[in-house]
Amino acid sequence: MTKNAIIFDMDGTMWDTTEAILPVWNEVLRKYSNETSKQISKAEMDSYMGKTLEQIAQLSLPELDIKRGFEILSECCKTECKSLEETGAIIYPMLIGTLKELKEKYSLLIVSNCQDGYIQSFLTYYKLWDMFDDFEFAGRTGKTKGENIKLIMERNNTFKAVYVGDTQSDFEAAKFAEIDFIFAEYGFGNAENYKYSIKEFSDLPNLIKKIF
């Protein structure tokens, strides 16, 4: 039977990995000190959340050509995924309990701008593979977030869906996919013109009932 779906962003929506991955990225960057002296601050890392790796490469390593910056940051991502799979990161309060409640009635999906391995590390560390029916990410498809939302909805024969995220770009992605957007006020970013919002992750079940 086709279910209504809740599609989740990752960073700033379900977890916060900045504290966990910051030292990992900077350790990798130190290996390339002959090419760049860059060390990333927490504020910078926060600002990168939700962006594609290509965008982060342009922002963080402008002194390098985009291809070389992408190569170095790809190594950062591969290293971070191994670390996150072993140590986890900060998940938002009542996340797992709320997901279990939502899973009883809805299909749960993930769409992120991350690279391969990032969502998998989240699912592995917190043992959530059975909680989500599917996931998609920019690093695999090369598509925009809005395109990936459409893709995963079609793949799962979704009747109706909402996208939960924490940035204006998440709002625009949901708009592109022609679905409702729920703004996670506790996340990294800001958004405008949204109709629905949550102050805590645990607010979702009651709000979802009103939307669906």
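**Note on the predicted model**

1. In helix 6, the buried residues are Y118, I119, Q120, S121, F122 and L123. The helix spans residues 118–125, and with six of its eight residues buried it is mostly covered. The model discussed here is a predicted one.

2. Which elements cover the buried residues of helix 6? The covering elements include strand 2 (15–16), helix 4 (66–87) and strand 3. Helix 5, strand 4 and strand 5 (134–137) are also among them.

3. One cluster is formed by F8, W15, Y118, F122, Y125, Y126, F132 and F201. Of these, Y118 and F122 are listed among the buried residues of helix 6.

4. Helix 6 is followed by K127, which has a positive phi near 55°. K127 is not a glycine. Its place is the loop between helix 6 and strand 5. K127 counts as exposed, at 73% relative accessibility.

5. E178 is another residue to check for its backbone angle. Its phi is near 60°, a positive value, and E178 is a residue other than glycine. E178 lies in the loop between helix 9 (168–176) and strand 7. With a relative accessible area of 67%, E178 is exposed.

6. On aromatic pairs, the count for the model is 14. One of them joins Y92 and Y186: the ring centres are 4.7 Å apart and the planes stand at 55°, so this pair is tilted. Y92 is buried, at a relative accessible area of 13%.

7. The rings of Y106 and F212 also form a tilted pair, because their planes are at 50°, with centres 5.5 Å apart. This pair, too, connects distant parts of the chain, 106 residues apart. Y106 sits in the loop between helix 5 and strand 4 (107–112), and F212 belongs to the segment after helix 10 (204–211). How do the two partners stand in accessibility: buried, partly exposed or exposed? Y106 counts as buried at 10% relative accessibility, whereas F212 is partly exposed, with a relative accessible area of 27%.

8. A charge over a ring is found at F176. The charged end of K150 sits over this ring, 4.9 Å from its centre.

9. How many disulfides does the model have? The count is zero. A disulfide would need two cysteine sulfur atoms within 2.5 Å. For C81, the closest cysteine sulfur is that of C77, at 6.5 Å, which is too far for a bond. For C114, the closest cysteine sulfur is in C81, and the 7.5 Å between them is also too far for a bond.

10. Are C81 and C114 buried or exposed? C81 is buried, with a relative accessible area of 8%. C114 counts as buried as well, at 9% relative accessibility. The cut-off for buried is under 20% relative accessible area.

Methods. Residues are numbered from 1 along each chain as its sequence is written. This is a predicted model: local features need pLDDT of at least 70, side-chain atom pairs count only at pLDDT 80 or more; totals for chains, interfaces and linings use all residues. Side-chain values use heavy atoms; hydrogens and water are left out. Buried means under 20% relative accessible area, exposed over 50%, partly exposed in between (1.4 Å probe, protein chains only). Rings of Phe, Tyr and Trp (its six-membered ring) pair if their centres lie within 6.5 Å; planes under 30 degrees apart count as stacked, over 60 as edge-to-face and the rest as tilted. Helices (H or I, at least four residues) and strands (E, at least two) are DSSP runs, numbered from the N terminus. A charge sits over a ring if NZ of Lys or CZ of Arg is within 6 Å of the ring centre and within 35 degrees of the ring normal. Contact means heavy atoms within 4.5 Å.
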